Amino acid sequence: IGAHLGKHAKVVLSRDVTKAAALISHAFTAGLLSMGVDVYDMELESVPINRYCSKFFNADMGIYIQVTHFTGLQNIAIQFFDRNGFQISISEEKRIEKIFFRGDYPRKDVFETGELIYPSHQISSYISNVSNYVDREKIRSGGWKVILDCLNGTASYIFPELLESMNIETTVLRGQMKETLSEYDIMTGTIKSIYNVVNMSKMNREIGVIIGPHGTNINVVDETGNVLSADDISSILCLLYLKYTETKTICLPVNISNAVSRLIEENGGNIRWITTKLRNPEDSIDLFYGGKCRYPYLEQKADPMVTFLRILEYITLEKKELCEVKERLPKINLASATIQCTLEEKASIMGMLSAGAEGKSVELIDGVKIINSNSWILLMPDASQPLIHVYAESDSVRERDRLIQNYSEKIRQFRLNQIQ
């Protein structure tokens, strides 16, 4: 990475709360400094803060190091962001890999090493910048009370402070950063968290929020204890944009329910279907600052904290409780499945599906999406794993499940014929 960026480049570096991530972070820092790259080491900071600081410090790259869950805490995942806070492109990943496999690392002398910097004002700057994305005074006027569980993750300090700046009375659970000792702790802790927050929300008639250990995902609980899905959250964002901003075009990934698209059309909006693999929208350098198009599903991934504030802004404008808004959201009848195959079979299976869809209404934005009058099915190859992801939706559960079963059987038969 240092060879790719070059001398005098700037990198923002942060990590999760584990000792393994700290070890890798130190190794990264040493390698980057040896290549003449300046490192802004923020130590324990969440992914949204890393994304923001890539812009705030005018860095050439942001790097976040974490231990991955559901692998027995044995694997390290490293995320790379460009100077606008978006995940770097696949072509840039390939260029870095090419340098690594060639071993093409130009040597630097002792006077060309980079500088190690420990920044100090990024949190106050982030909180101040959020005012550009939401109506602070409108949210303050709502007098909201929130139950927040930070899961002892890297957002444990920033999120409560952000809510406090919006005059939101917050009850904080597990608001101290703490190293995770085992995957069992994570699973049981998350289950307990959902149970506790749901019960507290019911009893106190307050909104509950659970933010993930890296600040990359969020669960929102309404005043009656119901958990909002990702589609519910995106639907609320769409309503906010279409009713209270000048935005009229909403970009949706191709695997999203038609119920969401109907909601957009009913409120005078237009839909642009996009690939699920989109990393960096060409028409936006800041997802939250506005523009002709909005990307609600990308916004949820980029910064769940800002996303939650926008939910509060919408229900304040509507003068309703969150449970009332959720009750009026469209019901989703979407199901998904995963089919295993070999890496060699993936291309031939997708070719077979494309050929079999001739004469039907088909979209090829991402995989093969076959559209019927009251149903659709999407078959999409995984970007790296030997898997094919299947999504289906219909007016009836029976028809939806039949679609998944029929195409799963079609793929199984094709694989058997290939083997024979």
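A residue is called buried if its relative accessible area is under 20%, exposed if it is over 50%, and partly exposed in between, with a 1.4 Å probe and protein chains only. By that rule Lys320 is partly exposed, because its relative accessible area is 25%. The model is predicted, so to speak of local features a pLDDT of at least 70 is needed, side-chain atom pairs count only at pLDDT 80 or more, and totals for chains, interfaces and linings use all residues. Residues are numbered from 1 along each chain as its sequence is written, and side-chain values use heavy atoms, with hydrogens and water left out.

A salt bridge is a side-chain nitrogen of Lys or Arg within 4 Å of a carboxyl oxygen of Asp or Glu. The structure holds 16 of them. In one, the side chain of Lys320 meets that of Glu318, with 3.8 Å from N to O. Glu318 has a relative accessibility of 17% and counts as buried.

Another salt bridge joins Arg83 and Asp60, at 2.7 Å from N to O. This pair links distant parts of the chain, 23 residues apart: Arg83 lies in the loop between S4 and H4, and Asp60 in the loop between H3 and strand S3 (61–67).

Why are Glu409 and Arg412 separated by about one helical turn? They are three residues apart in helix H15 (residues 397–419). Glu409 is partly exposed at 34% relative accessibility, and Arg412 is partly exposed at 41%. Elsewhere, salt bridges that share partners join Lys243, Glu318 and Lys320 into one network.

Next come the sheets. Two strands are said to pair if DSSP finds at least two bridges between them. S15 pairs with strand S16 (residues 368–371) in the antiparallel sense over three bridges. The bridge partner of Ser361 in S16 is Ile371.

Another open sheet has three strands, in the order S12-S11-S13, and its pairing is parallel. Its edges are strand S12 (270–274) and strand S13 (293–294); each has a single partner strand, so one side of each is left without a neighbour in the sheet. Strand S11 (residues 249–253) and S12 pair in the parallel sense over five bridges. Within this pairing, the bridge partner of Thr249 in S12 is Asn270.

On a 1 Å grid over the protein atoms alone, a cavity is a set of points where a 1.4 Å probe fits but cannot get out, a pocket is an open set with protein on both sides within 12 Å along at least five of seven lines, and lining residues have an atom within 4 Å of a point. Grid points are joined across faces, edges and corners, and a volume is the space filled by probe spheres set on the points.

The largest pocket holds about 1,500 Å³ of space. It is lined by 45 residues, and the closest to its centre are Gln87, Thr276, Lys277, Leu278 and Lys301. Helix H11 provides the largest share of this lining, five residues.

A search of the whole structure finds one cavity of 30 Å³ or more. The largest cavity has a volume of about 200 Å³. Of its 18 lining residues, the closest to its centre are Arg51, Lys55, Asp286, Phe288 and Ala302. H3 gives the most to this lining, with four residues.

Definitions and conventions: Helix = DSSP H or I, 4+ residues; strand = E, 2+ residues; numbered from the N terminus.
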